[in-house]
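Here is a short report on one protein model.

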Amino acid sequence: MSPRTARRRVAVVGTGAVVTDSHLPALGAHAERVELVAAVDVDRTRLDAFREGAGGRIAGYPSLGAMLDAERPDLVLIGTPPSLHREQTVAALEAGAWVLCEKPLCLSLAEYDDIAAAEEASGAYASVIFQHRYGSGAAHARELIAGGELGAPLVAHCQTTWHRDAAYYAVPWRGRWASEGGGPTMGHGIHQYDLLLHLLGPWAEIRAMASRLVRDTESEDVSTALVRFANGALATVVNSVLSPDEVSRVRVDCADATVELTHLYGHRNDDWTYTPAPHVAPGRAAAWRTPAADVPSSHEAQLVALLDAWDAGVRPPGSGDQARATLEFAAALYKAAFTGRPVLAGEIGPGDPFYPAMHGGHPGWAPQGRA
């Protein structure tokens with residue numbers, strides 16, 4: 001690792017709850033490595049309140065362009081509605097800044113490839129917030145599975161069963177393809193199946209269904225999928241905003257053990273359990289216990305990983321092929337659900353209707369196709 005440089009100069013774009021409640025504490029926890037210098041928001045009242053809460057020493061701007069011209073930050077944290085992510089990420093990259101953006105990074109594979117082109121031209125990187133990959137419990141589980149310590153992965157379950165009421169969808173940009181990119185497949189369950197991909201590696205084939213069962217939205221309010229992974233493992237994925245008993249769960253049954261995570265919006269070591277198969281010796285199973293250090297999944301944990309990558313001069317986690325694979329999974333799930341046929345990894349590219357939009361222009365799902 002190269003010697004640590006001076007503190008990175010950071011700007012935030014959007015000053016709503018996710019920035020105030022998650023990004024700001026993460027920055028504060030690592031003040032020796034980062035310095036918050038600016039914030040951007042079109043709502044002046046909210047911007048001023050954020051600046052005051054941040055100590056009043058940061059500059060405020062009504063537009064991203066004005067901030068980038070004046071401040072030239074090293075890192076831009078984006079916490080705006082999803083429809084703005086591609087444009088703002090590209091602008092920050094073109095200004096030479098690294099980006100850490102809330103999910104989804106963008107609304108389609110076509111938009112992602114715009115971001116990848118901007119990365120290539122600028123030499124900077126854009127990462128997407130998938131904080132469930134980070135923390136000691138996830139790192140330990142991935143190491144055990146990837147190293148074969150639990151035996152071959154065989155069967156997996158990935159469950160995001162949450163509840164969002166009518167008031168939640170009264171916000172104008174929610175539940176619309178153009179502003180959110182999709183329903184719970186894109187905006188809610190994406191955290192859990194991103195973690196599943198992190199644990200099991202590349203997926204190979206998806207079959208799926210989606211429906212609007214309750215909410216009057218353009219996009220779905222529930223989706224389900226059957227997934228075959230490249231290593232042969234089979235998985236089920238459920239993404240719902242209709243479930244009164246809310247839970248997030250990932251379970252992987254391997255030849256020698258079951259590893260399961262049960263939580264809601266974040267996990268610690270105690271949320272992970274390991275159940276050995278009957279043939280496994282107790283001493284071997286004891287070695288699977290989660291590590292003594294307990295690092296929760298969080299924006300802070302992901303920020304640390306990004307800063308460590310920056311200091312090492314390497315691409316940060318949550319960017320590049322990792323970010324694209326998760327977005328491709330979402331596109332393939334929608335394509336499989338709307339067309340009723342299996343979708344293979346790598347098949348959605350330029351010329352495919354699901355490349356520029358998650359609804360694929362499909363009758364009954366595309367915005368103009370609604371009755």
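## Asp194 and its contacts

The side chains of Asp194 and Thr326 form a polar contact at 2.7 Å. A polar contact is a pair of N or O atoms within 3.5 Å; within protein, one must be able to donate a hydrogen and the other to accept it, and residues adjacent in sequence count only if both atoms are side-chain atoms. Leaving out residues up to four places away in sequence, Asp194 touches Phe130, Arg133 and Thr326 (contact: heavy atoms within 4.5 Å).

This is a predicted model: local features need pLDDT of at least 70, side-chain atom pairs count only at pLDDT 80 or more, and totals for chains, interfaces and linings use all residues. Residues are numbered from 1 along each chain as its sequence is written, and side-chain values use heavy atoms, with hydrogens and water left out.

## Helix 10

Asp194 sits in helix 10, residues 190–200. Helices (H or I, at least four residues) and strands (E, at least two) are DSSP runs, numbered from the N terminus. Asp194 counts as buried because its relative accessibility is 1%; buried means under 20% relative accessible area, with a 1.4 Å probe and protein chains only.

Eleven of the eleven residues of helix 10 are buried. Among them are His191, Gln192 and His198. Just after the helix, Gly201 has a positive phi of about 85°.

## Pocket and cavities

The largest pocket holds about 1,200 Å³ of space. Its lining has 40 residues, and Val18, Gly79, Glu102, Trp173 and Arg174 are the closest to its centre. Helix 1 (17–29) and helix 4 (85–94) each supply at least two lining residues. On a 1 Å grid over the protein atoms alone, a cavity is a set of points where a 1.4 Å probe fits but cannot get out; a pocket is an open set with protein on both sides within 12 Å along at least five of seven lines; lining residues have an atom within 4 Å of a point. Grid points are joined across faces, edges and corners, and a volume is the space filled by probe spheres set on the points.

The second largest cavity has a volume of about 50 Å³. Its lining includes Phe130 and Ile190.

Eight strands form an open, mixed sheet in the order 13-12-11-7-10-9-8-14. Strand 13 (272–276) and strand 14 (343–344) are the edges, each pairing on one side only. Two strands pair if DSSP finds at least two bridges between them.

Strand 11 (residues 242–254) and strand 12 (residues 257–263) pair antiparallel over six bridges. Asp253 stands opposite Thr258 of strand 12.

Terms used:
Buried means under 20% relative accessible area, exposed over 50%, partly exposed in between (1.4 Å probe, protein chains only).
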